[in-house]
Amino acid sequence: MASRSPSTPPHRDGLSRRGFIGRTGAVVAGTAAASAPLDTARAAPQSAPAQQGENLVAVALTVNGRSVRLMADPRWTLLDTLRERLSLTGTKKGCDRGQCGACTVHVEGRRVLSCLTLTASVDGEHVTTVEGLSDGEHLHPMQRAFIAHDGFQCGYCTSGQIMSAVALVGEGHADTDDDIKEYMSGNICRCGAYPFIRDAIKDAREEMR
C-alpha cells in the first residue's frame with residue numbers, strides 16, 4: 001500500500017487539508033473581487049455611476065475643478081462620497097467622529113471635516129481635496145515643504161495636515177508658532193511630528209504669500 005504524507009491527512013470526502021484551504025482561498029478571493037467598488041477612476045469623473053435605492057437626491061459638485069453629478073443618499077458623508085464613489089482616496093478616514101482632522105478638505109476655500117459634512121449639504125459648491133493641490137507633477141508649496149521638513153512619519157494624517165495648513169496660511173493664522181499650534185490643534189499626529197509640521201508651514205507661507 002502506498003504511504004501517505006502525515007502532514008496532509010484527507011478529509012472524510014477525500015479532499016486533503018491543503019486542497020481544502022486552496023479551494024476556500026479561491027472562493028474568498030472571488031467573492032472579494034465581485035464585491036469590489038465599481039468606481040476605479042483616480043480623478044473626479046464627469047459623473048459618478050448611477051446608484052440604486054430610495055430617497056436619493058441629485059447632487060452637483062465641482063471637485064478639484066471637475067464637474068461631478070451623482071445621486072446621493074441624504075445620509076452619505078462627503079468623506080465616503082469622495083473615497084467610495086469618486087475614488088479620491090487621498091482624504092483619509094481616521095476617527096470618523098470629527099476629532100482627528102485626517103479627513104480635512106476645502107469647501108469653497110474653507111477647511112471642513114468631511115466625515116461630519118453631508119454630501120447633499122455641499123450641493124453646487126467647490127470641493128478641493130489633497131489631490132487637487134498639485135498641478136500635475138508640480139507640487140503645491142505646502143506639499144514640498146512637508147517633504148523638505150519631514151512633516152510626516154506614518155503619513156496617515158498628512159493629507160489632512162496639509163489641507164489645514166494651506167487654509168491656515170490663507171486665513172492669516174500662520175504668523176507665530178503659537179498661532180500655528182492653536183489653529184492646527186484640530187489635526188492630530190499620532191507620530192508626534194508637530195515641530196516639523198510647524199517648520200513646514202513657516203517655510204511654505206513665505207512662498208504662498
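## A helix and its cover

The buried residues of helix α2 are covered by elements that include β1 (57–63), β2 (66–72), β3 (104–107) and β5 (126–128). Keep in mind that this is a predicted model. In the chain you will find six helices and five strands, and of its 209 residues, 35% are buried.

**The overall layout**

- Starting at the N terminus, the order of elements is α-β-β-α-β-β-β-α-α-α-α.
- Among contacts in the chain with a separation of 6 or more, 55% are between residues 24 or more positions apart.

**Helix α2 and what follows**

- Helix α2 spans residues 78–85, and its buried residues are Leu78, Leu79, Thr81, Leu82 and Arg85.
- Have a look just after α2, where serine 87 has a positive phi of about 60°.
- Serine 87 sits in the loop between α2 and β3.
- Is serine 87 buried or exposed? Serine 87 counts as buried because its relative accessibility is 5%, and the cut-off for buried is under 20%.

**Another positive phi, between two strands**

- Asparagine 64 is not a glycine, yet its phi is positive, at about 55°.
- You can find asparagine 64 in the loop between β1 and β2.
- With a relative accessible area of 25%, asparagine 64 is partly exposed.

**Helix α3 and its surroundings**

- The buried residues of α3 are Pro141, Met142, Gln143, Ala145 and Phe146.
- What do the buried residues of α3 pack against? They pack against α4 and α6.
- Just after α3 comes aspartate 150, with a positive phi of about 50°.
- The loop between β5 and α3 holds histidine 140.
- Histidine 140 has a relative accessible area of 15%, so this residue is buried.
- Beyond its neighbours within four places in sequence, histidine 140 is in contact with Leu133, Ser134, Val166 and Met208.

**The nonpolar cores**

- In soluble globular proteins, nonpolar side chains tend to be buried together.
- How many residues does the largest nonpolar core have? This core has 21 residues, and Met142, Phe146, Met184 and Ile201 are those with the most contacts inside it.
- Two or more residues of this core come from each of α3 (141–148), α4 and α6 (194–208).
- Helix α4 gives the largest share of this core, with six residues.
- Another core, of 15 residues, lies apart from this one, and its members include Val63, Val68, Leu86 and Leu88.
- Phenylalanine 146 is in contact with Gly151, Phe152, Thr158, Gln161, Ile162, Ala165, Ile197 and Ala200, leaving aside its neighbours within four places in sequence.

- Helix α4 covers residues 158–171, and threonine 158 is part of it.
- Threonine 158 is buried because its relative accessible area is 11%, where the cut-off is under 20%.
- Setting aside neighbours within four places in sequence, threonine 158 is in contact with Phe146 and Phe152.
- Glutamate 171 is also found in helix α4.
- Glutamate 171 counts as partly exposed, with a relative accessibility of 37%.
- Along the chain, glutamate 171 and glycine 109 are 62 residues apart, and their C-alpha atoms are separated by 9.9 Å.

**The largest pocket**

- The largest pocket holds about 190 Å³ of space.
- Which residues line the largest pocket? The lining is made of Gly94, Cys95, Gln99, Cys100, Ala102, Cys154, Tyr156, Cys157, Ile188 and Arg190.
- Sorted by class, this lining has seven nonpolar, two polar and one charged residues.
- Why does the largest pocket lie between domain 1 and domain 2? The reason is that domain 1 (2–132) and domain 2 (141–208) both give residues to its lining.

Technical notes. Residues numbered from 1 in each chain as written. Predicted model: local features only at pLDDT ≥ 70, side-chain atom pairs only at ≥ 80, totals over all residues. Heavy atoms only, no water. 1 Å grid on protein atoms, 1.4 Å probe; cavity = no way out; pocket = protein on both sides within 12 Å on 5 of 7 lines; lining within 4 Å. Points joined across faces, edges and corners; volume = space filled by probe spheres on them. Nonpolar A, V, L, I, M, F, W, Y, C, P; charged D, E, K, R; others polar. Domains from an automatic or database assignment. Helix = DSSP H or I, 4+ residues; strand = E, 2+ residues; numbered from the N terminus. Buried < 20%, exposed > 50% of the residue type's maximum accessible area, 1.4 Å probe, protein only. Contact = heavy atoms within 4.5 Å. Core = buried A, V, L, I, M, F, W, Y, C linked by side-chain atoms within 4.5 Å.
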